[in-house]
Amino acid sequence: MGSTSAPRRLRVRLPVARPPLDVGAPSFTVDGPLRGRTVGLRHEGSWRSWMLIVDAWQRYLLDDGARPDILVAKGRVGDEGKRTRKDVDKWAKRVDCGVSGLGTCGSCTSNSVSDAVALEKLRRPAVVAVCEEFETHARNMASFLGHPSLKILVLPYPLEGRPADELAGIAAEYYPKFVELLGATR
């Protein structure tokens, strides 16, 4: 009769490698002064608070020797959506860097991130402005679009409904942070 011992097991060593980290698309910075640059400021015409901040930043940019270029991004569906996408693409090609905002609801955050990514795809430094309540959504959306290192300026929540003088103070407080995120100097 044969042997009753267990069969011999073969040891096979399989190569093990860590998967590469998904670092996503590169993020860009100005690495110099704002003076002489065209800086895009994008809003949707929806949030009074962000429009007041954009108006203040437009004045600050002019004082810093930059040329502000404001885009009012409209609807995202149907024929209006097609026009908006063309407007965003033209704007992204015109500016040297910019900010897209305001992320203060789900769709506004998604659209703001998408438009900031449009800048980054053209190697233009971009910042997306969102209220703190929508920071996680903005980061998830940026990662989903392949730009996990998109620069995010987090503003207080809620902004809407605050008095104009309070919004002017927020504009003054956050403008230097915006410039810093761009990697620019004043």
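The model is predicted, so I took local features only at pLDDT of at least 70 and side-chain atom pairs at pLDDT 80 or more, while totals for chains, interfaces and linings use all residues. Residues are numbered from 1 along each chain as its sequence is written, and side-chain values use heavy atoms, without hydrogens or water.

**Helix α2 with α3.** I looked up helix α2 (residues 78-94) against helix α3 (residues 106-121). Helices here are DSSP runs (H or I, at least four residues), numbered from the N terminus. The two axes come within 9 Å and cross at roughly 40 degrees. Axes are lines fitted to C-alpha atoms over the stretch in contact, with angles from 0 to 180 degrees between N-to-C directions. I then listed the contact (heavy atoms within 4.5 Å). R85, V88, W91 and A92 of α2 meet S114, D115, A118 and L119 of α3. By class, that contact has five nonpolar, one polar and two charged residues.

**Helix α3 with α4.** Next came α3 and helix α4 (residues 135-144), whose axes come within 9 Å and cross at roughly 40 degrees. That makes α3 oblique to α4. G106, T109, S110 and V113 of α3 touch H137, A138, M141 and A142 of α4.

Terms used: Helices (H or I, at least four residues) and strands (E, at least two) are DSSP runs, numbered from the N terminus. Ala, Val, Leu, Ile, Met, Phe, Trp, Tyr, Cys and Pro count as nonpolar, Asp, Glu, Lys and Arg as charged, and the others, Gly among them, as polar. Angles under 35 degrees count as roughly parallel, over 145 as roughly antiparallel, 65 to 115 as roughly perpendicular and the rest as oblique.
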